[in-house]
Amino acid sequence: MPRQRVVMLADCQSFYASVEKAEHPEYKDLPLVVAGDPERRSGIILAACPIAKKFGVTTAERLGDSLSKCPDLVIVKPRMKLYIDTSMRITQIYESFTDLVEPYSIDEQFLDVTGSLHLYGPPEKLAELIQARIQAETGINTRFGIAENKILAKTACDNYAKKNESGLYTLTKDSLEETLWTLPVGKMFMVGNRMTAHFNAMGLTTIGHIARTPLDKLKAMMRRKFGKNSDINAELYWRIASGIDDSPVTPGTHQVAPTTVGHMMTLPRDYGTLADIKVVLLELVELVCQRCRSKGYMGHVVSVGCMGADYDRPSGFNRQMKMEDPTNITNQVYRAAVTLLQRHWDGLPVRKVGVSLSQFSSDDGYQLSLFDLHREKSIALERTTDAIKQKYGDASIMRAVSITPSGQAQDRSAKIGGHYK
Amino acid sequence: MRKKLEGNGLWESSRMMLPEHKAAIIDNNEALKRRARTVLDEQEWEAVSRSVAESLQLRLPITLRMFHPLEELTIIGIVDRVDSMRGRFMIDGEWFEVKNIEGVTTSD
């Protein structure tokens with residue numbers, strides 16, 4: 001039998017806020033939040049420091065709500081580039097303890113330390129050591145869920161380590177009965193509000209209920225509720241509840257070729273005319289194609305999505321179509337995207353637009369077209385503009401429509417994930 | 001769908017990664033693979049030049065370890081020509097730069 005693994009999930013406490021506090025020692029004892037720009041509808045709390053959380057400030061609420069709870073709040077604009085760099089520095093610290101490190105999000109990473117324990121002693125000791133080092137080098141507090149596999153490590157971190165004084169918690173499989181299984185289903189990984197309601201309606205109110213239901217019975221129950229395609233989800237939930245997970249900690253997991261390349265953006269105001277939407281559509285197509293060109297892909301299928309502005313009456317569409325030939329030329333993809341938009345847009349104001357390209361093939365050979373005689377020319381032009389952007393930044397050269405009021409390219413080029421770099 | 005239950009599927013389907021973060025990780029891994037040039041000392045250079053000369057004059061096959069930024073590169077063959085003016089030599093009809101040599105083993 002193979003030796004039991006020791007997997008940790010390390011989570012950074014209030015990551016963005018902690019990074020800002022480390023950068024601004026003067027705010028150390030003040031309530032601090034990182035929040036987006038209210039003018040551009042990204043004005044929500046991205047992260048709140050523990051002091052701010054004591055005032056009742058929570059992540060994802062509106063800035064105004066937080067200010068009414070805590071008028072002395074220090075508000076900092078996000079600096080996404082800095083957070084990414086800090087996250088990578090933390091990865092490097094983890095990598096000095098084990099080579100098996102898998103970033104799961106910007107502030108959570110899996111570590112498989114099975115092979116390092118003979119150097120450091122028991123897992124808790126090692127976790128303390130890593131914790132101290134991260135604290136000393138970056139000023140960030142980390143919490144560790146420790147277990148024999150990834151799902152238990154994640155569960156241990158979310159439900160116990162984050163609430164512990166020490167920030168450490170070891171969850172063993174034989175203690176599940178008294179620990180995890182007593183928690184309500186809503187606390188389970190991958191179970192959100194909707195699923196909680198569904199499980200409650202099925203009479204499954206604790207995680208233990210799911211784990212103790214025989215898999216076949218759970219499958220039958222879910223099939224009755226969600227139709228015949230729910231076997232896999234049933235098995236997934238059952239495994240999560242039972243703490244069964246053989247997935248390896250995979251450092252190279254991000255190295256795979258993508259199957260789709262897409263960009264999406266929430267608009268600063270609702271766009272109501274076709275002309276307005278077409279401008280952002282072109283800008284998004286340009287970004288998507290630029291990324292495809294840099295990777296040497298051509299996409300065959302374009303998909304366009306729009307979300308209506310009215311939350312109470314959801315509208316919008318997400319449709320795709322196959323182009324005649326694979327391509328990564330902006331104008332060709334744009335033409336197809338506009339066709340989709342014209343065909344499916346219902347005329348209601350739009351708050352979110354997205355474009356993606358999929359079914360890739362390599363761009364070292366392409367189908368000659370009888371009708372498109374400018375292809376070589378467009379390729380040469382785009383190669384040049386891409387090179388300029390690469391060297392001087394995305395805002396260095398852009399299409400004329402981007403300086404019209406509906407253009408967003410200029411603003412977007414200064415952002416990562418919708419927030420300032 | 002089935003993928004969620006296999007390999008690393010559960011985590012790959014649920015993670016939240018910024019594309020910029022992902023790109024930075026990939027770039028970083030590439031950079032780690034990049035190797036630095038080995039500097040040869042005089043004795044090593046002497047061994048290299050002797051072997052190259054021997055191979056050229058006696059038609060003996062040699063194995064040269066060459067510098068490559070990303071890969072492990074060795075060339076095996078008989079030296080056909082040496083162009084000392086331009087600092088290059090030819091093995092099997094292909095030119096290589098002398099300055100990229102990192103080591104030599106002769107097969108007797």
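Q: OK, helices (H or I, at least four residues) and strands (E, at least two) are DSSP runs, numbered from the N terminus. So where does B:R59 lie in chain B?

A: B:R59 sits in the loop between α3 (42-58) and β1 (62-66) of chain B. Before we go on, this is a predicted model, where local features need pLDDT of at least 70 and side-chain atom pairs count only at pLDDT 80 or more, while totals for chains, interfaces and linings use all residues. Residues are numbered from 1 along each chain as its sequence is written, and chains are lettered from A and ligands numbered from 1 in the order in which they are written.

Q: Is B:R59 buried or exposed?

A: B:R59 is exposed, with 10 other C-beta atoms within 10 Å. The cut-offs: 20 or more other C-beta atoms within 10 Å of a residue's own means buried, 12 or fewer means exposed, and in between is partly exposed, with C-beta atoms placed from the backbone.

Q: Which residue of chain A isn't a glycine but has a positive phi of about 35 degrees?

A: That's A:S14. A:S14 lies in the loop between β1 (7-12) and α1 (15-23) of chain A. A:S14 is buried, with 24 other C-beta atoms within 10 Å.

Q: Back to chain B. How many helices and strands does it have?

A: Chain B has three helices and six strands. Along the sequence, the pattern of chain B is α-α-α-β-β-β-β-β-β.

Q: Is chain B compact or spread out?

A: Its radius of gyration is 22 Å, well over the 13 Å that the globule rule gives for 108 residues, so chain B is more spread out than a compact globule. That radius is taken over C-alpha atoms, and the rule is 2.2 Å times the number of residues to the power 0.38. Along the principal axes, the C-alpha atoms of chain B fill a box of roughly 65 × 25 × 25 Å. Of the 108 residues, 10% count as buried.

Q: What domains does chain B get?

A: Domain 1 (2-33) and domain 2 (42-106). Those bounds come from an automatic or database domain assignment. The centres of these two domains of chain B, taken over C-alpha atoms, are 41 Å apart.

Q: And what are the domains of chain A?

A: The assignment for chain A gives domain 1 (1-149), domain 2 (180-242) and domain 3 (257-420). Between domain 1 and domain 3 of chain A, 10 residues of domain 1 are in contact with seven of domain 3. "In contact" means that the C-beta atoms of two residues, placed from the backbone, lie within 7 Å.

Q: What's on the side of domain 1 of chain A that touches domain 3?

A: Three nonpolar, two polar and five charged residues. Ala, Val, Leu, Ile, Met, Phe, Trp, Tyr, Cys and Pro count as nonpolar, Asp, Glu, Lys and Arg as charged, and the others, Gly among them, as polar.

Q: Where do chains A and B meet, and how many residues are in contact?

A: 21 residues of chain A are in contact with 22 residues of chain B. On the chain A side, α4 (80-95) and α11 (231-242) each supply at least two residues. That side divides into 10 nonpolar, eight polar and three charged residues.

Q: Which residues of the largest nonpolar core touch the most other members?

A: A:M8, A:V33, A:I146 and A:A153, out of 70 residues. A nonpolar core is a set of buried Ala, Val, Leu, Ile, Met, Phe, Trp, Tyr and Cys residues joined through C-beta atoms within 7 Å. This core draws at least three residues from each of domain 1 and domain 2 of chain A. Apart from it lies another core of 31 residues, including A:L267 and A:V353.

Q: Last one: how far does helix α12 of chain A reach?

A: Helix α12 (residues 274-295) has 22 residues and reaches 31 Å from its first C-alpha to its last, close to the 32 Å expected. The expected span is 1.5 Å times one less than the number of residues. After α12(A) comes A:G296, with a positive phi near 80 degrees.
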